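Thanks for making the time this morning. I would like to walk you through one structure, starting with a few pairs of residues and then moving to how the chains meet.

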Number of protein chains: 2
Amino acid sequence: MPRRLDEIATPAVLVDVAVLERNLERMAQAAGAAGVSLRPHAKTHKVLEVGRRQLRAGAVGLTLAKTSEAEVFVGAGFEDIFLAYPIVGADKARRLLALSERAHITVGVDSVEGARTLADVFAAAGRRLDVRLKVDSGLHRVGVLPEQAVGVARAIAELPGLRLRGVFTFAGHAYGETSPEGIAAVGHAEGATLTAVADALRGAGLEIEDVSVGSTPTARHAMPTPGVTECRPGVYCYNDASQVSLGVCALEDCALTALATVVSVPAPDRAVVDAGSKTLSTDPLRPHAEGHGWILGRRARVSRLSEEHGVLAVEPGERFRVGERVRVLPNHACVVSNLHDRVLATSGEDVLEEWRVAARGRVE
Amino acid sequence: MPRRLDEIATPAVLVDVAVLERNLERMAQAAGAAGVSLRPHAKTHKVLEVGRRQLRAGAVGLTLAKTSEAEVFVGAGFEDIFLAYPIVGADKARRLLALSERAHITVGVDSVEGARTLADVFAAAGRRLDVRLKVDSGLHRVGVLPEQAVGVARAIAELPGLRLRGVFTFAGHAYGETSPEGIAAVGHAEGATLTAVADALRGAGLEIEDVSVGSTPTARHAMPTPGVTECRPGVYCYNDASQVSLGVCALEDCALTALATVVSVPAPDRAVVDAGSKTLSTDPLRPHAEGHGWILGRRARVSRLSEEHGVLAVEPGERFRVGERVRVLPNHACVVSNLHDRVLATSGEDVLEEWRVAARGRVE
């Protein structure tokens, strides 16, 4: 394997291991200070080596979304996985049943109909699957509304084959907030909403142990809420331009970048790099959709993307030359991971290891 | 392997083979009628089985963008590849040199500096690489401006190790046109611009054999221009919601769809499917960025995407139930191919074959 970055073919995705380790340590400390368990969402990296580092830094287990992702991590020896997604269907239930023989699997539910498709398979096998009820704390994507939680939870708790263990939410609407105060307010509301639902469920006679909040932007604000037991941030391990834009981290906290080569300079105000949407994705910058990535150490930004072209808007006085290499900070780290079969673990200009993105493309 | 679609885990990407074959046949006929060679851009599918079908339908070879993609196709026996991309760098040149021992490789160039990085390696090996000059016909991405073409082409033609064989362009700005007349005008201009450049280069004493235009929307309009020798459409094999929106094809000409399951119906006006941006990508609909995919046979559209969630805006009077399966027509077929390790070749409800997306994720 090449030892130095200048021997690496571009485009390539790099992960600065020192920055990664510092990010993991900081979030572990924040969770410890808040007295909650940390269960990072591994969708950001999809890499076994990063998941193992998260566990070493104190995480109680990992979060993922899909059954096929859990199969990859359980197959590699991970023992405690929460699928924070409303898994639906007998075929998925059978795969979860097989997984639950080898690891502690917990699954999200947000409807009686969906939960029943899991319950039937587990009940027929004489087993019980741990589930958590997804609560909509304002994102309006999936999840029951807080006022409907007791009714749905009761019906799910009565299904044989399931054990309702907790509640969880994801306040992804924080990504639309344009100030630190706005993000803090969403995080506080996230914690308050979910703990109130947990209390209401307990008042209805249900045993709710896990009260799990999420998201890198809101983590520090939602974790300290009394009654919260767990946090599931994802992006914090790598960070990205959106987290910097949101004020959640500094530029030097970004571990993941794309190494790219300038392949064309057709005009003074335009240069084109070999990293396009196949490398960076077309995901927008948050909270304001401005461009498709930043060029580290330069003023130029990626202003347009096609599959293999990143078009830089070049500022007056700045010059790029064909063959020059640049580092691109992407808008959204998670989707970059999902585009690549491998990332390179680096220290400065040295390539330490190649990490396979083991759960890349696992959509089932 | 499962035989029927209802045995397939979702989300999954399906390719209707009959529609695919009809699309290949129609474009081959159009190229034949125009008297030009067809060299489809295989980036849309990245599948060996589809590439072979394109050759069987009369294509003279394939177009790709990156060196690593050519390695996949040449490794599988494809003998004539044009990389329609300004490849830059000695490392890539060495890989191209190895490839050119096994297949006829032609490469795009748009600068003397970039061309020199290829020329040096081929000259040192006593070999010559066929290149074509990329001309900017209005997209303003890469490519020399028509008025600069003679100067750049002369300098490139003088480099040992290269043989300047032709010119090519891609009129991707057609994707911003909102009427069939607008698209036709872009296509006519594409053909006129490129043939004028070819004539100017010949006037300067250069032997220009290949005059290659591109793009599915403009193909039919640019191909008939006298002097055009080749066309490189890509999306036409699968088509997508953007091609339908642009008026380039009909809904029944779309071969690629995503099979998805409704996992949550949290409100009467909202349903959520298990196909998110990891399945569909966040690429916008063309020419107007409206939503992230159409639900076939229903009025609902995918209004929001996150990685594993496709949020449907449900129309009054329409209902979705948890567990129901739907077919999603994506905005952009090429980027869907790049997200998936495999696609399923189907006929009606039958799964005929599983095709590996062999060149998926090849960004180098």
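**Salt bridges within a chain**

Let me begin with A:Asp130, which forms a salt bridge with A:Arg163, the closest N and O atoms being 2.7 Å apart; by salt bridge I mean a side-chain nitrogen of Lys or Arg within 4 Å of a carboxyl oxygen of Asp or Glu. This pair links distant parts of the chain, since A:Asp130 sits in strand S6 (residues 129-134) of chain A and A:Arg163 in strand S7 (residues 162-168) of chain A, 33 residues apart. Helices (H or I, at least four residues) and strands (E, at least two) are DSSP runs, numbered from the N terminus.

Before I go further, a word on the source: this is a predicted model, in which local features need pLDDT of at least 70 and side-chain atom pairs count only at pLDDT 80 or more, whereas totals for chains, interfaces and linings use all residues. Residues are numbered from 1 along each chain as its sequence is written, chains are lettered from A and ligands numbered from 1 in the order in which they are written, and side-chain values use heavy atoms, with hydrogens and water left out.

Coming back to that pair, is A:Asp130 buried or exposed? With a relative accessibility of 3%, A:Asp130 counts as buried, while A:Arg163, at 34%, counts as partly exposed; here buried means under 20% relative accessible area, exposed over 50%, and partly exposed in between, computed with a 1.4 Å probe on protein chains only.

The salt bridge between A:Glu230 and A:Arg132 has its closest N and O atoms 2.8 Å apart, and both A:Glu230 and A:Arg132 are buried. These two residues also belong to a network of salt bridges that links A:Arg39, A:Asp80, A:Arg132, A:Asp210 and A:Glu230. Over all chains, the structure holds 50 salt bridges.

**From one chain to the other**

How many salt bridges are counted between chain A and chain B? The count is 10, and one that I would point to is the salt bridge of A:Arg342 with B:Glu364, where the closest N and O atoms are 3.1 Å apart. B:Glu364 forms a salt bridge with B:Arg95 too, with the closest N and O atoms 2.8 Å apart. B:Glu364 is buried, with a relative accessible area of 16%, whereas B:Arg95, at 22% relative accessibility, counts as partly exposed.

Turning to the interface as a whole, 60 residues of chain A are in contact with 60 residues of chain B, contact meaning heavy atoms within 4.5 Å. The area buried between the two chains is about 4500 Å², and carbon and sulfur atoms give 46% of it; buried area is the accessible area (1.4 Å probe) that two parts lose on being put together, summed over both. On the chain A side, A:Arg141, A:Lys278 and A:Glu307 lose the most area to chain B, together 15% of what that side buries.

**How the copies are related**

I will finish with A:Arg52, which is found in helix H2 (residues 48-56) of chain A and, at 36% relative accessibility, counts as partly exposed. Not counting residues up to four places away in sequence, A:Arg52 touches A:Ala76 and A:Phe78. In chain B, B:Gln54 is found in helix H2 (residues 48-56), and B:Gln54 is buried, with a relative accessible area of 2%. Leaving aside neighbours within four places in sequence, the contacts of B:Gln54 include B:Leu24, B:Pro40 and B:Tyr236.
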